[in-house]
Every structure is written in structure tokens, then in C-alpha cells.
Amino acid sequence: MNSILLFLLSFGFSLHLYGASCCGGSSAVPSLITGDDKGQITTSYTQSNLTDQVDQNGVWIRRKGHTSQTLKFDSALIFSDRWQAGLTFSAIEKNINSGGLQEKRSALGDVILTGGFESLPEWDYSVWPPKGFTFMTLTLPTGKSINESSTTLGTDISGRGVYSLGLGQLLMKAIGAWDYQVMIEVHQSFDRKVYSPTLERDVTLKPGIGSTLMAGLGWNVKEYRLGGSLSHLTEDPMKTSEPGSSGLTQQRLTTASVTAGYQINLETSSTLTLSSQKLFGDPQNSDLNDSISLSIQKRWPR
Amino acid sequence: MEKLVTVLVLALFIPQISCARPNYQVAQAPIQTGDEQKVTEDCSLKLNKYSLCTAVEWQKMPTEDVRGTFTLKFWEITKGNQASGPFITPPEKMAVVLWMPSMGHGSAPVKITEIQPGIYEVSEVYFVMSGDWEIRIQIKKGRDVLDQAALPIYIN
């Protein structure tokens, strides 16, 4: 029974967390090998629909005509017993119909490199102590930030425009038919000079610190898993070298997700995820999306 | 230790997970501005270095479905007024930037057309998100901003 649950847990920790899409935000939650596998690749397709914008004063404005599709690839490989490395990259297509215009663009998102260590191995099964993974992420600004956007409706925005270094801890546990996960991640982003088409000159982006908190719960029966999670994302305001910036406020939003997973065979599984960013929390300075995602994961045993 | 980390994460997390309380405002004009919108004898947008006054007069408000258009007029502070001029062309290149000071980014570039000396039509005005913005009227030479006046506006 426990080995089945471990297989189910190794649906692979590849949460679909959505940052403030207005500004290319993305969560730095990596894809980690959490089971007894040597490697894994996860392909996911996500369709998102913008429902609301929340300004810096917490005022909600309904929106329509903004959709995006994201194709994401996560890969992870064990290279030394408890150590692993991973790579995540994505392609984002945005379709915006607003202001009498329709724009559609595809762009590469930010690439994320991951290093993970099984800091709390589960040598023998015991009731309470969870399994734990410590991870570090490096986000590369391969996507274009809102400060670099050259389109009218911002359809070319696919990243944050800055390098980020993150550190996180994931804890997970299976108890009977139930499993839970909690995760905390903190990242520091670094100054970077970019060209602003709006200002027609270079501008230095001056980001700060961001964080992600996540808690999830799942119920497993045979080859199926039903689960839910909440993740809370915060991001310091992005200052710039442009004078006159004022009233800078933090971005924050909470994503609620429900998942249905199916283990096709011992090495392959699929997950359907429904997410909404307008159900919980007190969002600020963010775009709120409803999303549906389908992912397929292929694993290679040790 | 594991229990402590779990409890700590949940303790940080639980206060955040109350149900969302959407704060929708009552529908109103998509743009709210101050008294600068009214035709006035006073100069509220000054380009001090060149002793110029400027004013924004909306012809078409931007909405979610339509980009906006406004007229920009320039006159000497001591020799004219918004209603009757005389209007003069700025001594250097004039630029208009839509800027969101609270988030440190701009919006789509606008299109500027000179209607007559000192009067410009600024079209394709579109704000990529709601919130507090500034319409920055700039006098530039090359990439250098020599003088600037900013009109604060709130987009909802």
C-alpha cells in the first residue's frame, strides 16, 4: 500500500502555480523527483483566462478578452543518490482583444534551473516524519518583461526580466489513503539593465524579494488521486531607475487548485488541474486568472 | 524539526487563506482626473525650463474596447491661455509617455500628430492595466529628457 502511495506521490511534484501574469510573474516551484525514480519529464498544457485585475489599492476590475496558452516542459534527473538537477522552460501564447485591437503573440518564458537534495529521506516508513527536499532555483530572464514590451497590448510579456535565486523546502507525507505537502520558497531577484521601448532608453530594474507558500492535500484510491492545494505568492514591487516612482506596492495573490490524477502505468501518469486566483486571499497589484491544465509525466526508475 | 517546519509554514499560510472579498467599484468613467481636465486660465501643467504651459483635452476616453485620443496644447506661461492661445511649438522634440509610477513600467507607445503649431493630437492611448497612471509630457533631445510635466490619472 505504501509503495503505491509513493508512486502516486511521485506524480512528481510539478505544481502549476501562476504568478501575476500581467507582469510575467511565475512561481519558482520546481519539478522535483520525489519518488524512487532516476529521471522524469513532465509536459503540461495550460489554458488561462483573465477574469479580473486588482490594482495597487485592492480595487477589482472585471476583464475579458485576455487568454493565454502555455506549453511547459519540466525535467529532473538524479545524478548522485539524493541529489538531483532540473530544467524548466515554457512557451507562452497570449491572445488579447482590447482597445479595438486584437493581438496574438508567442514567446519563450523564463528558464528555470533547479538543484535539489533529499534532506529528509524516508529510509523506513514511520507515521509522522515527512519526506523532505531542499531545493535551489535560478531563474534566467529569457522572457521579456513588461518594462521591455514593445507591443500595444502587452502580448509579448513572458517573464520578469531579472535573474532570481531561490531557496525552498518541500515536505510531503502519505498517511493511509491521504497525502499532504507543504512548501515554502523565498527568492531574491537582482538588478538588471534593460531597454525600454516606452522610454526609448535603458532603464535599470530593481526588484526585491518574493516568496511562495503552498499547502496541499490528496486522497488516493487505486490508480486515481484527487487533490487540492492553496499557494500564496508575494513579490516586492519592481523599482526602476526612472525617477518619479511612487506608491510602489507589493504584488500578492493566492491560487486555489483541484487536481485529478491517473496513473497510466508504473512509469507514466497524467494530471488534470483546475485553478482559480479569485477565490482566496487578498490580492493586490495582480491579474487574476482561471486556468485548466493537463500534464503528462514520464518517469524512469532507478 | 519536520513538525516545526510544517507548523511554521501553516502558521504563515493560514492567515492568507481566507475567502477573497472582491472589492468591485461602482461603474464610473474609465478615467478619473483632477481639475486639469477643465479649460482654465491657470497653468496646471508646467514645463518650467522652457516657460511653457500645456493641457490635456480628452477627445475620446480609452476604455477596454477603444483606445483613447486627446489633444495637447502648448503656450507660453505669461503670454497665453488654454482657451485661445497663442499656441507655440516646443523648441525640441515633444514626447508623451504613459507611466505607472506604482509599478515602474509604461504602456503602449502613443501616436502623436501635429494638427497646427502648438497643438497635437495624441492617439492610440491605451493603458495595459487599471490603477494610478501618469501622462508624462516630455521635451527631449535625442534620448535625453530636458523637461517634463506629469498629469496623474486613475484608470479603472
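Colleague: In what order do the elements of chain B run from the N terminus on?

Modeller: In this predicted model, the elements of chain B follow the order α-β-β-β-β-β-β-β-β-β-β when read from the N terminus, which amounts to one helix and 10 strands.

Colleague: And how much of chain B counts as buried?

Modeller: Of its 156 residues, 33% count as buried, and among the contacts in chain B with a separation of 6 or more, 55% come from residues 24 or more positions apart.

Colleague: Which elements of chain B have the lowest and the highest mean pLDDT?

Modeller: Strand E1 (residues 31-32) of chain B has the lowest mean, 54, whereas strand E7 (residues 111-116) of chain B has the highest, 95. Over residues 33-40 of chain B the pLDDT is below 50, although this stretch has 10 contacts in the model beyond near neighbours in sequence. Where pLDDT is low, predicted coordinates should not be read in detail.

Colleague: What does chain B average overall?

Modeller: The average pLDDT of chain B is 82, with 78% of the residues scoring at least 70.

Colleague: What ipTM does the predictor give the complex?

Modeller: The complex is given an ipTM of 0.74, alongside a pTM of 0.85.

How values were computed. Residues numbered from 1 in each chain as written. Chains lettered and ligands numbered in written order. Predicted model: local features only at pLDDT ≥ 70, side-chain atom pairs only at ≥ 80, totals over all residues. Helix = DSSP H or I, 4+ residues; strand = E, 2+ residues; numbered from the N terminus. Buried ≥ 20, exposed ≤ 12 C-beta atoms within 10 Å, placed from the backbone. Contact = placed C-beta atoms within 7 Å. pLDDT = per-residue confidence, 0-100.
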